[in-house]
Every structure is written in C-alpha cells, then in structure tokens.
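Here is a short briefing for a first look at this structure.

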Amino acid sequence: EDIVAEAKTGDHGLTLTERAPFGVVGAITPSTNPSETVICNSMGMIAAGNGVVFNPHPGAIATSNYAVDLVNRAVHAVGGPEVLVASVAKPTLETADVMYKHPSIKLLVCTGGPGEVKAVLSSGKKAIGAGAGNPPVIVDDTAYIEKAAKDIIDGCTFDNNLPCIAEKEVFVFNNVADRLIAGMQKNGCILLTREQADKLAEVVLNKKVNEKTGKVSYVVNRDCVGRDARVILAKIGMNVGPEIRCAIAEVPFDHLFVQEELMMPILGIVRVKDIDEAINLACKAEHGNRHTAHMHSKNIDNLSRFAKAVETTIFVKNAPPEWLKCERIEKHTTHKGDTADEGTIIEELHNRLLAAEDKIVRLQHEKAAIAEKISKNYLGDLLRAVNLMQQGLQEKKHKMEQIDSGLKQIQAALAAINNE
C-alpha cells in the first residue's frame, strides 16, 4: 500500500488531502494480454489500498488465474494476506454481471473490446475502461534516429504487439525515413515490398460487408493475432528465421496497415513532408480513441503540438512503452504452433515479479532509513540551535551583570561626591 496524505498551508488556511481506497475493485481482463493486465492492474490497485476480484476472458482462464496466483504469492511473501487478489474459476457473462451488480464492489475496471468497455461504463458504478487503440508514432528530423528505430521495434514487438499502447503505425519525415528504416532492419525487421504488404494484409485481416449499408469493415484474423513474424509471413510463402521480429512496409496513409489496429508484429510506415502533415495524419489514424500516441523528437514545440492535437491518455516521448525499460524477454509468445517455451516464460515472469517485490521491500527499508537519518539530523540541528541560543542568552546575561555592576559603581561615586 502506498497512500500518502498531503497538507498545504498558507496565509489563507490549511488544506489536508487524504486518499482512501475503494475497497474491492472488480476487473475484467482480455484474452490478448491477460498476464500483463492482471499483474499491472494488481500492482496499481493494491498500492492504492484495494483488493481485487478478476473476471478473466474465457479464452485465457489458465494464464489469468496463474498470474493471480503469482500476485498472491508475492504479496504473502512480504507479509500481506494469503488472498488479496481473487478470480473466477469459470468466468462467463453471468459472473461478470454478478460482479457489476455486487454492492461490495465500488469500482469497476475493464480492459477489453468495445462491448465489454461499454457494459462497464453503463453499469451505474464508477468505472475505468481501456478499449481499442491504434497508437501512431511520429519521428521528425530532430530525433535520435538510431534510438528511435530500436525503441519503436522494441515496443511493437513486445508480446508480438498485443498491448494496445504499443506502436501500430509510423509517420516519419521524408528526409530521415531511409535512416529510420535501415535502423529498424538492424533491429530484426524485414522490409516488405508493396506487393508483399498488400498480400499480407489480405491474410491478416478479414473483410466484412454490411448487407444493409454495403459498408466495408475489417477484423483481424485470430490465427495471426500475437503470432511471431515468421509464422505470419509463412502464410504468404515467405520463410524467415526467428531473428526476424517484425515485418515493416512503406505504405500510403489509407493502407490497412495504417488504418486498422493490428495486434501482431507488422508495422506500416508513412513518409511525411513536415510536422503539420505528420500531426494531421497521425491524429486521423488514431481514430479519436484518445488512447496512446508516441513521438521521437528533440523539438519541444513539435512535441507539444502533437500532444495537444492528439489528446491521448498516454503520450510517450522518445521512448518505448514504460515496461520496456526493464530487460526484454526474448521468448514471449505462447500461441499454439509457435516455438516459445511457456514454462520458461512463466518461470521468468515469476522470478521477475519476486525480484520486483524484493526491490520494493528494499526501497521501503531505504526510505525508512533516510527518513530516520533526516529526523536525527533535524533533531541534531535543532539541539545545536537551542544550545547556541542558550550560549547567547548566557553571554547577554553576563554583559547585563557587568553593566549593572558598572552602574552601581557610578552611583557610589556620585554619592561620595555629594557627601563631600
């Protein structure tokens, strides 16, 4: 728990701000990134003093509940209760509805599709919803291009681009585009031709036509969601090795790689002439989701302009998503048919979680030690100040005594003169 009270005082009074937990938070988690969502939600909610009950996606029960168990073991290992985070063994729409209506649950949090998010936001309770996003990235000609290339690819390949905050399409100034693409190729990307990109788009996206309106829409092919790049590319006859982390392609703005959120390691790249065009196209590609956007630049004005224009909840400057500041897990995919070792991944996640908890405890001890040291130093300074004041008073007292003695001597001399 990390709830801090704040006090502000001034000429016009005192304001005390005390934060309090909701109690038990009800959380809906997705099938696309269940382990990250459970662990991330748990850390924030526990730090705010809450307990959590999860209703996982039915397609990710085992992974979600294993992550719940990891969190409980980590909490118990540092002195917390055995069960601070709970989950439903067989989650359904009915169990979710029970959670929505339960009087003991004061806050609902949902990470999922538009339907789930809408249901939570319409529940009548306080709710936080995290839905679809299509995060754009702008790279201008002041950016550190080599770092930008690495950061973008690290971000869009983490968990094979399943997280909705990861980079989904890039808008790069024309005069640095070649350098950025070359940097991406050095970081495990394969550059597709336009023909290959169009062919791949037909495989990874399924076309749907509304019979009444004739409107065309696209949905991602579930067989491609979260798969390794080599698995996806094999579907169009391209055989590459495991060193290929992402497929990139230069495409026009209206291409499906730009307009659709692809939850897979595929990245569309659009050349732009200046910051005005970049911001205009990036905001359109984000589709008003107000979710996440990224920018690589050393120009404060450009960064500020894009941040104000796109109005996303998360705006990342010159970096990959926050979690990637940790050492990257190279083997991360657990989809059937890929080569990742799920047991190894889970063990790695478990070890990292325990290491994080150890670090938290260590930092808490350090914080307490620093506070004690500051307290001792403060008391020491206060005592020294008191001693100095006492010494000053003693000196003043001594001088007053000397003055008093001198006055008495003068009075005696005056008396003697008068007598004479």
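The structure holds 0 disulfides, a disulfide being a pair of cysteine sulfur atoms within 2.5 Å. The model is predicted: local features need pLDDT of at least 70, side-chain atom pairs count only at pLDDT 80 or more, and totals for chains, interfaces and linings use all residues. Residues are numbered from 1 along each chain as its sequence is written, and side-chain values use heavy atoms, with hydrogens and water left out.

**Cysteines**

- A disulfide is a covalent bond between the sulfur atoms of two cysteines.
- Cys156 is in no disulfide. Its nearest cysteine sulfur belongs to Cys246, 3.7 Å away.
- Is Cys156 buried or exposed? Cys156 counts as buried, at 0% relative accessibility. Buried means under 20% relative accessible area, exposed means over 50%, and partly exposed lies in between (1.4 Å probe, protein chains only).
- Cys110 is also buried. Its relative accessible area is 0%.

- Helices (H or I, at least four residues) and strands (E, at least two) are DSSP runs, numbered from the N terminus.
- Strand β15 covers residues 292-296. Because 5 of its 5 residues are buried, β15 is largely enclosed by the rest of the structure.
- In a regular strand the side chains alternate between the two faces of the sheet.
- In β15, Thr292, His294 and His296 point one way. Ala293 and Met295 point the other way.
- Which strands pair with β15? Strand β8 (residues 136-139) runs parallel to β15, joined by 3 bridges. Strand β16 (residues 314-317) also pairs with β15 in the parallel sense, over 4 bridges. Pairing requires that DSSP finds at least two bridges between two strands.
- Val139 has His296 of β15 as its bridge partner. Met295 has Lys317 of β16 as its bridge partner.
- From β15 the chain crosses through helix α11 (residues 300-310) to β16. This β-α-β crossover is right-handed: with the strands pointing away from the viewer, the path from the first strand over the helix to the second runs clockwise.

**Salt bridges**

- Side chains of opposite charge can pair when their charged atoms come close.
- How many salt bridges does the structure hold? There are 13. Each is a side-chain nitrogen of Lys or Arg within 4 Å of a carboxyl oxygen of Asp or Glu.
- Arg73 and Asp69 form one of them, at 2.9 Å from N to O. These residues lie 4 apart in helix α2 (residues 61-77), so about one helical turn separates them. Arg73 is partly exposed at 37%, and Asp69 is partly exposed at 35%.
- Glu146 and Arg179 form another, with their closest N and O atoms 3.5 Å apart. This pair links distant parts of the chain, 33 residues apart. Glu146 sits in helix α5 (residues 145-157), and Arg179 in helix α6 (residues 174-186). Glu146 is partly exposed, with a relative accessible area of 43%. Arg179 is partly exposed too, at 45%.
- Lys147 and Asp151 meet at 2.6 Å, N to O. They are 4 residues apart in helix α5, so about one helical turn lies between them. Lys147 is partly exposed at 34%, whereas Asp151 is buried at 8%.
- Lys150, Asp154 and Arg245 belong to one network, joined by salt bridges that share partners.
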